[in-house]
There are 2 protein chains.
Amino acid sequence: MKDFIIVMKALSDPNRVKIIKMLQHKSMCVCEIKAALKLPQPSVSKHLKILEKAGLVSSQKDGLWVNYHLSNGRSTPYTATILENLKHWLNDDSEIARLIEKIPFLNRKELCS
Amino acid sequence: MKDFIIVMKALSDPNRVKIIKMLQHKSMCVCEIKAALKLPQPSVSKHLKILEKAGLVSSQKDGLWVNYHLSNGRSTPYTATILENLKHWLNDDSEIARLIEKIPFLNRKELCS
DNA sequence: GCACTATATTCCTTAAAAAGAATATATAAG
DNA sequence: CTTATATATTCTTTTTAAGGAATATAGTGC
């Protein structure tokens with residue numbers, strides 16, 4: 001039960017859901033997410049930590065950067081199903097659609113400096 | 001997005017999840033749920049309202065009683081999938097299992113008086 | 001009408017989550 | 001070792017959600 005609640009709470013925030021939707025298209029570092037969502041960097045880090053604890057995303061260090069990507073969902077039965085369904089859920093949301101469109105133009109070299 | 005968040009928030013509380021798991025086995029009135037979960041009546045009513053707003057449960061008046069049951073899930077794409085998966089999710093949770101076992105012994109006539 | 005019962009709502013208090021500012025850590029480059 | 005940059009953490013404040021007590025509503029039966 002506890003794990004289930006942690007997953008549901010992680011998904012109860014629009015910015016965190018947006019992060020998941022973006023990661024479906026591309027692994028991203030914190031500063032890319034920060035730029036896409038126009039949020040302060042500490043706020044992004046905190047959201048990512050919550051998603052990571054819920055088993056929804058994973059991270060990988062790359063020098064000074066930390067790349068975040070969707071997890072394989074194996075941590076709980078819920079994460080796998082939810083991540084799978086989130087592939088088609090919310091694609092018709094206009095705000096999500098706009099975010100996704102902008103992803104190809106995010107340039108880490110420009111953003112992080 | 002807003003609807004999705006409402007559903008996720010509704011599922012972010014253990015008592016509300018327990019209510020859903022019980023309703024999978026039996027339509028229940030407020031006082032039956034109250035007895036099963038050992039919660040104050042106003043608290044149960046409030047949880048039910050949140051579940052109803054999320055499109056997860058529906059209610060039907062029966063004289064002085066109000067029977068709650070799982071909704072058909074047609075209100076959003078999320079509710080249908082979540083309700084379907086919740087049929088097998090959490091069945092191995094000991095607290096849930098104990099609740100389900102007790103359902104047949106809930107007697108409305110005894111409880112509500 | 002009145003009394004009784006099941007449920008809902010309101011109001012207030014408490015707890016939990018989110019936002020913001022500041023600071024800390026870690027790695028890279030000189 | 002120093003500087004610079006990306007990210008994480010801490011601490012405080014604000015917002016949001018949950019709990020509890022009291023009251024309101026809506027049926028039922030007399």
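Ala, Val, Leu, Ile, Met, Phe, Trp, Tyr, Cys and Pro count here as nonpolar, Asp, Glu, Lys and Arg as charged, and the others, Gly among them, as polar. The model is predicted: local features need pLDDT of at least 70, side-chain atom pairs count only at pLDDT 80 or more, and totals for chains, interfaces and linings use all residues. Residues are numbered from 1 along each chain as its sequence is written, chains are lettered from A and ligands numbered from 1 in the order in which they are written, and side-chain values use heavy atoms, with hydrogens and water left out.

**View 1. The surface near DNA strand D.** A residue is near the strand if one of its heavy atoms lies within 4 Å of it. By class, this surface has 12 nonpolar, five polar and six charged residues. Of the 23 residues around DNA strand D, those that come nearest are A:Gln41, A:Tyr68, A:Cys112, B:Lys9 and B:Lys46. Helices and strands are DSSP runs numbered from the N terminus (helices: H or I, at least four residues; strands: E, at least two). At least two residues each come from helix H3 (30-37), helix H4 (41-53) and strand E3 (65-70) of chain A, and from helix H4 (41-53) of chain B. H4(A) gives the largest share, five residues.

View 2. In the side chain of B:Lys9, an N or O atom lies 2.8 Å from a phosphate oxygen. At A:Val30 a backbone N or O atom is 3.3 Å from a phosphate oxygen.

View 3. B:Glu32 is found in helix H3 (residues 30-37) of chain B. Its relative accessible area is 3%, so B:Glu32 is buried (under 20% relative accessible area; exposed is over 50%, partly exposed in between; 1.4 Å probe, protein chains only). The B:Glu32 side chain reaches the backbone nitrogen of B:Cys29 at 2.9 Å. Neighbours within four places in sequence aside, B:Glu32 is in contact with B:Lys26, B:Ser27, B:Leu106, B:Arg108 and B:Leu111 (heavy atoms within 4.5 Å).

Methods:
A polar contact is a pair of N or O atoms within 3.5 Å; within protein, one must be able to donate a hydrogen and the other to accept it, and residues adjacent in sequence count only if both atoms are side-chain atoms.
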